[in-house]
Number of protein chains: 2
Amino acid sequence: MNALGKKIILVDQDGVLADFEKYFLLEWRKKYPDDFFVPLEKRQLSRVFDEYPENLRHKVSTVYMAPGFFINIPPMPGAIAAMREGLALDYDMRICTSPLTGNPNCIKEKMEWIEKHLGKDFTRRTLVTSDKTLVRGNYLIDDKPVVTGTCIPEWERVIFDAPYNRKIQNPLRVTWDNWKQVLWL
Amino acid sequence: MNALGKKIILVDQDGVLADFEKYFLLEWRKKYPDDFFVPLEKRQLSRVFDEYPENLRHKVSTVYMAPGFFINIPPMPGAIAAMREGLALDYDMRICTSPLTGNPNCIKEKMEWIEKHLGKDFTRRTLVTSDKTLVRGNYLIDDKPVVTGTCIPEWERVIFDAPYNRKIQNPLRVTWDNWKQVLWL
């Protein structure tokens, strides 16, 4: 809860606001049309790098390491409207994102993406950190099956539904269609 | 305190780890040698932009908006050794920095600066946020006279001594020479 009594809702960027997996597959098929690929609904692991066989992994990383990859990811359907609605409903909406280490453009493009789709106000509402347990909040909406870090989190974990996290048992699981109902907002 | 019982020490980047003010003045005098300037010891305000007369402010911002400015700032004397020593003494040292809005290279170069001077481990120990009250920790070491935000901070405020914050009354004021003694570490 912030000092004004508003609930703080931390929202992950890739896989929640930005449709990383869909865009990866699109670019993968464009760049390597003759190679094996994993359809979105068949994905079992949250990191696409881990999902592909070892002999293809160097190619996998060339896709999201390419300059321009992050800025061109399409928003997840409903995500932009949900963030704006959350603010309008007086929740303290924040973006909480971990940068891809090894891609120096990643942070820059992620911030540019936020400004492009949500505006400057949301760039000021963004926290970039490799450890989300260090961030205060009531909820963390994240597609990663397990979020670990150095602290016992203050926030309650909310799974953003994706094929690769459906085995996780978690009391709170949302999409951008039902998030307000599930979180009782 | 993190889950291992280690004290979390949040350390600001500009003016604490990186000698922003000194490098600004150097570049200012190089770029505009015939213009008025404020010597470091005479600085009264923490934002250099506010310190200079209105008719020079457009020039002031060209200095730190220039690509390459942030990556080339020299470290504050003692800062790099202190961060490493803090880790060795088993404190959970973190860098907590606010990006300059309006300079898209700022975040990228700040992360590159951290990697260059402190290594990849510290890029993973960095949090980028416009609101430091959202970050958990035992102490925040920052040169800004007042740090405000949306939450009542969890951390105790520590002033990193600088000419422009000497009017602030604060129980904890440190330099890189005495920080361990002052914080009883």
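Reply: Thr129(A) stands opposite Leu127(B), a residue of β3(B). The model is a predicted one, in which local features need pLDDT of at least 70 and side-chain atom pairs count only at pLDDT 80 or more, whereas totals for chains, interfaces and linings use all residues. Residues are numbered from 1 along each chain as its sequence is written, chains are lettered from A and ligands numbered from 1 in the order in which they are written, and side-chain values use heavy atoms, with hydrogens and water left out.

Me: In which sense do β3(A) and β3(B) run, and how many bridges join them?

Reply: Strands of a sheet pair through backbone hydrogen bonds, either parallel or antiparallel. Here β3 of chain A (residues 126-129) and β3(B) run antiparallel, joined by three bridges. Strands are DSSP runs of E of at least two residues, helices are runs of H or I of at least four, and both are numbered from the N terminus; two strands pair if DSSP finds at least two bridges between them. Within chain B, β2(B) and β3(B) pair in the parallel sense, also over three bridges, and Thr97(B) stands opposite Val128(B) of β3(B).

Me: What is the strand order of the sheet?

Reply: The open sheet has 12 strands with mixed pairing, in the order β6(A)-β5(A)-β4(A)-β1(A)-β2(A)-β3(A)-β3(B)-β2(B)-β1(B)-β4(B)-β5(B)-β6(B). β6 (173-174) of chain A and β6 (173-174) of chain B stand at the edges with a single partner strand each, so one side of each has no neighbour in the sheet.

Me: How much area do chain B and chain A bury between them?

Reply: The size of an interface is often given as the accessible area lost when the parts come together. Chain B and chain A bury about 2,500 Å², 61% of it on carbon and sulfur atoms (accessible area lost, 1.4 Å probe, summed over both parts). Of the area that chain B buries against chain A, Leu134(B), Arg136(B) and Thr150(B) supply 26%, more than any other three residues. In contact (heavy atoms within 4.5 Å) are 32 residues of chain B and 32 of chain A.

Me: How many salt bridges does the rule find across the interface?

Reply: Side chains of opposite charge can pair when their charged atoms come close. The rule (a side-chain nitrogen of Lys or Arg within 4 Å of a carboxyl oxygen of Asp or Glu) finds two across the interface. Arg94(A) and Asp131(B) meet in a salt bridge at 3.9 Å, N to O. Within chain A, Lys108(A) and Glu112(A) meet in another at 3.8 Å, N to O; both lie in helix α5 (residues 105-118), four residues apart, about one turn of the helix.

Me: Which confidence values does the predictor give the complex?

Reply: The complex has an ipTM of 0.94 and a pTM of 0.96. Chain A averages a pLDDT of 96 (the predictor's confidence in each residue, from 0 to 100).

How values were computed: Buried area is the accessible area (1.4 Å probe) that two parts lose on being put together, summed over both.
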